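Have a go at each one before you read its solution.

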Amino acid sequence: MGFERACALDEVPADQALAVTLGRHEIAIARDGDEVFAIENLCSHAEVALSEGEVATNDGGCQIECWLHGSMFDLRTGKPTNLPATEPVATFPVDVRGTDVYVDTETTLNGVTPA
């Protein structure tokens with residue numbers, strides 16, 4: 001299947017993520033300036049939607065926060081950067097085509113199998 005259209009680029013807020021469903025996958029789409037990221041929309045610590053947390057792109061970090069317990073996940077690698085989460089979440093390839101964001105959910109960038 002490959003890349004599927006996830007959303008329009010202007011639908012992705014600067015400091016929040018946009019939740020989208022692609023097939024059986026719940027994805028959080030986030031941006032840091034011109035970069036766009038797709039990450040599994042489920043905290044690996046407590047099954048909470050990451051898209052409900054804030055996106056932090058200051059101080060060289062590009063992370064999304066789980067609002068429930070405060071774990072942060074790197075948008076590039078899916079790895080948690082603080083406790084209580086210890087397991088990474090899946091990250092997916094993104095292709096921005098004009099004003100649209102496409103995501104490939106058949107492949108993960110970090111080798112993590114989505115829940």
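Strands are DSSP runs of E with at least two residues, numbered from the N terminus, and two of them pair if DSSP finds at least two bridges between them. The model is predicted, so to speak of local features needs pLDDT of at least 70, side-chain atom pairs count only at pLDDT 80 or more, and totals for chains, interfaces and linings use all residues. Residues are numbered from 1 along each chain as its sequence is written, and side-chain values use heavy atoms, with hydrogens and water left out.

**Exercise 1.** Work out the order of the strands in the open sheet.

Solution. Start with the edges: E1 (3–8) and E9 (94–97) each pair on one side only. That gives the order E1-E10-E9, with antiparallel pairing.

**Exercise 2.** Describe how E9 meets E10.

Solution. First, count the bridges: E9 and E10 (residues 100–104) are antiparallel over four of them. Next, find a facing pair: Asp95 sits opposite Tyr102 in E10. Finally, look at the turn: two residues lie between the strands of this hairpin, and Gly98 has a positive phi near 65°.

**Exercise 3.** What lies over the face of Tyr102?

Solution. Check the ring centre: Arg97 is over the face, 4.2 Å away from that centre. A charge counts as over a ring if NZ of Lys or CZ of Arg is within 6 Å of the ring centre and within 35 degrees of the ring normal.

Notes
Helices (H or I, at least four residues) and strands (E, at least two) are DSSP runs, numbered from the N terminus.
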